[in-house]
Amino acid sequence: MSEASVRGDSRVLPARVELVETLREDFTIFLSDLGLSEKDIGFWQLMLSESVVNAMLHGCQGDVSAEVKVSWICHGEEICLEVQDPGPGPSDEIIREPTLPSDPYQPHGRGIYLL
């Protein structure tokens, strides 16, 4: 990753999961421009997808009129990804003891564990 001035972007999206792919593509371009490895880009793509989908499904409770705010920034060697939704957030118990789904091929259920 190259040293550079502060760079980034921010978006406000309605809580529609089908919009995540375009957001992910734009975020991937940003990461590629920073010179990250494919492995690091894959990590950040997963973090973006999991956090935004969780915000839409849980924070917005599937209400497509609700909005999710997403921003990413790079300053020097540091990358920050921020996702905000109107929900109260997960319970303290879930945050303290996140679990993985018993079926490793299940397409959901890892978000809070990963984040």
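Predicted model: local features only at pLDDT ≥ 70, side-chain atom pairs only at ≥ 80, totals over all residues.
Residues are numbered from 1 along each chain as its sequence is written, and side-chain values use heavy atoms, with hydrogens and water left out. The protein has 4 helices and 3 strands, which follow the pattern β-α-α-β-β-α-α along the sequence; helices (H or I, at least four residues) and strands (E, at least two) are DSSP runs, numbered from the N terminus.

**Overall figures**

- Of the 115 residues of the protein, 29% count as buried, where buried means under 20% relative accessible area, exposed means over 50% and partly exposed lies in between, with a 1.4 Å probe and protein chains only.
- The accessible surface comes to about 7,500 Å², and 51% of it belongs to carbon and sulfur atoms; such areas come from the Shrake-Rupley method with a 1.4 Å probe, and for residues only the protein chains shown count as cover.
- Among contacts between residues at least 6 apart in sequence, 63% join residues at least 24 apart, a contact being heavy atoms within 4.5 Å.

- The 3 strands form an open sheet in the order 1-2-3 with antiparallel pairing, and strand 1 and strand 3 are the edge strands, each pairing on one side only.
- Strand 1 (residues 7-14) pairs with strand 2 over 8 bridges, and two strands count as paired if DSSP finds at least two bridges between them; within this pairing, Arg 7 has Cys 74 as its bridge partner.
- Strand 2 also pairs in the antiparallel sense with strand 3 (residues 78-84), over 7 bridges, with Ile 73 standing opposite Cys 80.
- The hairpin of strand 2 and strand 3 has 2 residues between the strands, and Gly 76 takes a positive phi near 65 degrees there.

- Helix 1 (residues 20-33) lies across strand 1, strand 2 and strand 3 and runs at about 5 degrees to strand 2; axes are lines fitted to C-alpha atoms, for helices over the stretch in contact, and angles run from 0 to 180 degrees between N-to-C directions.
- Helix 2 packs on the sheet and touches strand 1, strand 2 and strand 3, its direction making about 15 degrees with that of strand 3.

**Helix 2 and Ser 51**

- At 1.5 Å a residue, the 22 residues of helix 2 (residues 38-59) should span 32 Å, which agrees with the 30 Å between its end C-alpha atoms; the expected span is 1.5 Å times one less than the number of residues.
- The buried residues of helix 2 include Ile 41, Trp 44, Leu 48, Val 52 and Met 56.
- Ser 51 lies in helix 2 and counts as buried because its relative accessibility is 12%, and its side chain reaches the backbone oxygen of Leu 48 at 3.1 Å.
- Gln 61, which follows helix 2, has a positive phi near 50 degrees.

Terms used. Polar contact = N/O pair within 3.5 Å; in protein donor to acceptor, adjacent residues only side chain to side chain.
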